[in-house]
Amino acid sequence: MPKNSGSRREHEFEEFARARAAQLYRSAWLLCGSHHQAEDLVQETLAKVYAKWHRPFGRIDNPAAYAQTALTRTFLSARRRRSSDEKMFGSVPDQPTADPADGSDVRLSLLNVLGELPAQDRSVLILRYFDDLSVDEVAARMGLSAGAVRNRAMRALERVRGLVDDSLLIRKD
């Protein structure tokens, strides 16, 4: 392997990380619901991609899909660990009231509802509807069958409908 091949791969990874970091962060934030946890999740994901990227024979065919899969699986693994049950205590500083016209109340309500779902259900909904992936793509990234993804999505959506305030539901009159 030529000497400059390592620096070329390093440069390629840096370009990839810069290009994908924002999308990975968005997905991580939707999964975690926390700015700090999302940053940690993206960092851990990029570290895993970096390790795979620099293996001599470990060429990644689709780095974006690999990173998204690593992000989802890292999130689910962290949820399974006992340490993920940590809860923060303390008071939250007063927040200025949001203008209802900007839609932030809808976003906050949606994030609260997503936070009530089990980790796999939340992952299915985010990958399927926020990231607009097909059932087969979600199944491949989560290591589930397509039927399991459809079943989880259906049940998670029913649960979301039960948790969402009626004012947030879109009505077709």
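**Close-up views of a predicted model**

**View 1. Leu-110, Tyr-129 and Phe-130 make a nonpolar surface patch of about 260 Å².** Such a patch takes residues with over 30% relative accessible area and no salt bridge, with nonpolar side chains (Val, Leu, Ile, Met, Phe, Trp, Tyr) joined within 5 Å. A salt bridge is a side-chain nitrogen of Lys or Arg within 4 Å of a carboxyl oxygen of Asp or Glu. Areas come from the Shrake-Rupley method with a 1.4 Å probe. The model is predicted: local features need pLDDT of at least 70, side-chain atom pairs count only at pLDDT 80 or more, and totals for chains, interfaces and linings use all residues. Residues are numbered from 1 along each chain as its sequence is written, and side-chain values use heavy atoms, without hydrogens and water.

**View 2. Tyr-129 and Asp-121 both lie in helix 5.** Helix 5 covers residues 119-130. Helices are DSSP runs (H or I, at least four residues), numbered from the N terminus. Tyr-129 is partly exposed, at 45% relative accessible area. Asp-121 is buried, at 13%. Buried means under 20%, exposed over 50%, partly exposed in between. Asp-121 touches Arg-152 and Ala-156, leaving out residues up to four places away in sequence. Contact means heavy atoms within 4.5 Å.

**View 3. Helix 5 packs against helix 7 (residues 146-163) at an angle of about 100°, with axes 9 Å apart.** That makes the two helices roughly perpendicular, a term for angles of 65 to 115 degrees. Axes are lines fitted to C-alpha atoms over the stretch in contact, and angles run from 0 to 180 degrees between N-to-C directions. Residues that meet include Val-124 and Leu-125 in helix 5, and Val-149 and Leu-157 in helix 7.

Technical notes
Patch = residues over 30% accessible without salt bridge, like charges linked within 9 Å, V, L, I, M, F, W, Y side chains within 5 Å. Buried < 20%, exposed > 50% of the residue type's maximum accessible area, 1.4 Å probe, protein only. Parallel < 35°, antiparallel > 145°, perpendicular 65-115°, else oblique.
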